[in-house]
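Thanks for coming, everyone. Please bring up the structure on your screens, and we will walk through it together.

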Amino acid sequence: MKLKYFSAPYIIWMVVFIAVPLLLIAYFAFTTDGGSFTVKYISDVGQYANIFIRSIWLSLIATAICLVVAYPVAFILSRMEKHKQGTMLMIVMLPMWMNFLLRTYAWMTLLGNNGIINHLFGLVGLGPYKLINTSGAVVLGMVYNYLPFMILPLYSVMEKIDKSMFEAASDLGCNSTQTLFRVVVPLSVPGITSGITMVFVPAISTFIISRMLGGGSNLLIGDLIEMQFLGNAYNPHLGAAISLVLMVIILVIMTVMNQFDPEDQVLM
Amino acid sequence: MKKLGKFYLILVLLFLYVPIFVLIVFSFNETKSRSVFSGFTLDWYKRLFHNKIIISSLVNTILVAVAASIISTVMGTLAAIGIHSMRKVPKAVVMNITNMPIINPEIVTGVSLMLLFVFFAARMNLEFGFVTLLIAHITFDVPYVILNVMPKFNQMDPHIYEAAQDLGCSPIQAFRKVVLPEIMPGVVSGFLMSFTYSLDDFVVSYFTTGSTSQTLPITIYSMTRRKVSPEINALSTLIFVAVVIVLIIKNIIENKSAAKNKTVGEV
């Protein structure tokens with residue numbers, strides 16, 4: 001009995017439900033309703049350059065904030081006593097187990113014009129400020145939702161850095177800043193790159209966070225795709241073309257990230 | 001320096017938890033106000049339990065998560081056995097395609113499956129509903145099972161399967177008694193991972209289900225689109241409590257098995 005035939009059901013499944021659908025995206029992106037070849041839809045994507053730029057820009061900002069906020073958290077966690085680390089990590093990751101719609105909804109109620117933040121401002125005689133339906137709110141939503149995705153990979157590389165590394169660095173005359181930039185940062189590069197991809201990919205393709213916190217004026221690529229398939233603007237060909245461009249952008253970003261990764265261990 | 005670190009950690013935890021606690025507090029609020037707490041009530045919880053849409057979507061969510069994770073675990077484990085014994089090139093091809101749903105943004109997976117179903121729907125009388133939802137969930141679940149089981153095969157000594165057969169086991173007995181126990185931890189974590197992903201999924205479900213098979217995340221989404229009702233807060237509170245209970249149980253089990261391993265090691 002050949003063991004490799006065990007995978008036959010999955011191979012069929014994989015071809016029909018993973019490979020064919022992705023090929024369908026490419027097919028729809030390059031054909032008209034009648035089925036003849038066209039580059040019209042791909043070139044139409046250019047009309048939405050502003051939305052693409054906004055998506056890339058907002059998700060880059062969110063990724064950068066996540067990195068800056070998460071780095072010290074991961075470091076502090078990794079230097080705690082071993083038995084505390086597990087519990088602390090669980091506490092940090094716990095909000096991730098709530099559905100992201102509820103987490104985003106929480107910010108909707110906090111930031112709203114009648115929300116609690118404006119209410120507190122009102123008590124000290126300030127505001128009300130326009131907090132919701134701004135691009136800042138969208139970035140905040142991304143940071144809130146994806147911060148643990150940055151903490152986890154950073155923590156798992158830092159946890160492996162031996163304490164003796166710090167002692168050696170200080171014995172050799174490094175002060176703490178030098179130790180940080182010459183020892184900790186270089187050793188945590190794999191965590192940085194996988195953290196960046198784990199935050200950037202969902203951030204650039206989200207369509208709910210922008211809709212719930214950004215109002216109508218902060219459309220992202222995800223919203224644009226969703227509108228072509230389920231919205232009023234029904235046009236699967238254009239939707240497929242936008243999806244294809246999004247996939248290419250992500251592929252480029254991941255390739256760039258892999259260049260920085262010494263172990264080449266990111267999923268690809 | 002240590003104090004500063006603690007202070008920073010507390011700040012980040014506040015950022016993560018305050019929004020959730022505000023939701024919880026306002027689930028007990030008498031009025032619909034989202035900023036002023038006017039009095040305690042359990043009305044929103046009562047309403048929640050009488051909300052037929054929420055109950056039926058909860059049932060749907062659990063049904064699809066159970067079915068999808070069981071099918072994915074069986075198919076994914078069989079697939080891992082087969083892939084493990086493949087030659088280098090076909091193995092690389094299969095693994096690269098398997099990684100696609102994990103690397104691709106969820107919206108692309110959702111949209112691509114939707115295109116496929118629309119394509120079939122026109123030709124095969126297929127309707128968007130439970131079946132399409134289940135297919136979609138299995139599709140994004142199986143890769144996680146394979147990625148959890150594969151490393152166990154790589155760690156396993158390939159000769160023990162042959163040794164079992166030399167000692168008189170049939171191939172099926174050898175698999176059941178020798179291989180299965182070795183890969184079991186991977187199978188279990190693959191199952192749990194696909195179950196939680198199914199339970200939590202919104203984006204792929206959103207594109208692949210019909211109006212007859214709404215899942216809880218989809219119902220939550222439509223609730224946030226309509227008028228604000230503190231029922232969502234009540235629902236969030238219940239989900240939060242459930243998550244805390246599950247994680248505490250998980251922690252206890254892990255600590256117990258860690259303690260067990262430790263005593264075994266000491267003996």
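Which residues have the most contacts inside the largest nonpolar core? Keep that in mind while I say that this is a predicted model. Now the reply. They are A:Ala70, A:Val143, A:Tyr146, A:Met150, A:Ile151 and A:Val199. The core itself has 127 residues. Helix α7(A) gives the most to this core, with 15 residues. In soluble globular proteins, nonpolar side chains tend to be buried together.

Take one of those residues, A:Val143. Set aside its neighbours within four places in sequence. A:Val143 is then in contact with A:Ala62, A:Ile65 and A:Cys66.

Let's step back to chain A as a whole. Chain A has 13 helices and 0 strands. So much for the count; here is the extent. The C-alpha trace of chain A spans about 75 × 70 × 35 Å along its principal axes. Chain A has 268 residues, and 42% of them count as buried. Now look at contacts in chain A between residues at least 6 apart in sequence. Of these, 69% join residues at least 24 apart.

Next, one helix: α5(A). Does its length agree with its residue count, or disagree? There are 12 residues in α5(A), and at 1.5 Å a residue they should span 16 Å. The end C-alpha atoms are 17 Å apart, which agrees. This helix is mostly covered, with 11 of its 12 residues buried. Among the buried ones are A:Phe100, A:Arg103, A:Tyr105 and A:Trp107.

Now two loops in chain A. A:Thr206 sits in the loop between α10 and α11. Is A:Thr206 buried or exposed? It counts as buried, because A:Thr206 has 30 C-beta neighbours inside 10 Å, and the cut-off for buried is 20 or more. Leaving aside neighbours within four places in sequence, A:Thr206 is in contact with A:Met142, A:Leu220 and A:Gly222. A:Thr206 and A:Ser55 are 151 residues apart along the chain, yet their C-alpha atoms are separated by 9.1 Å.

The other loop lies between α6 and α7 of chain A, and A:Asn133 is in it. A:Asn133 is not a glycine, but it has a positive phi of about 60°. A:Asn133 counts as partly exposed, because it has 18 C-beta neighbours inside 10 Å.

On to the two chains together. How many residues of chain A are in contact with chain B? The number is 60, and they touch 60 residues of chain B. Elements giving two or more residues to the chain A side include α1, α3, α10 and α13 of chain A. The largest share, 14 residues, comes from α1(A). By class, that side of chain A has 48 nonpolar, 11 polar and 1 charged residues.

Last stop: a helix pair in chain B. Two packed helices are described by the angle between their axes and the distance between the axes. The pair here is α3 (residues 52-84) and α8 (residues 171-200) of chain B. Their axes come within 8 Å and cross at roughly 145°. The crossing of α3(B) and α8(B) is right-handed. From α3(B), the contact takes in residues including B:Thr61, B:Ala65, B:Ser69 and B:Gly76. From α8(B), B:Gly190, B:Phe191 and B:Ser194 are among those taking part. The classes are 7 nonpolar, 9 polar and no charged residues.

That's the tour. Over to you.

Definitions and conventions
Residues numbered from 1 in each chain as written. Chains lettered and ligands numbered in written order. Predicted model: local features only at pLDDT ≥ 70, side-chain atom pairs only at ≥ 80, totals over all residues. Helix = DSSP H or I, 4+ residues; strand = E, 2+ residues; numbered from the N terminus. Contact = placed C-beta atoms within 7 Å. Nonpolar A, V, L, I, M, F, W, Y, C, P; charged D, E, K, R; others polar. Expected span 1.5 Å × (residues − 1). Core = buried A, V, L, I, M, F, W, Y, C linked by C-beta atoms within 7 Å. Axes fitted to C-alpha atoms, helices over the stretch in contact; angles between N-to-C directions. Left-handed = near helix turned anticlockwise from the far one by under 90°.
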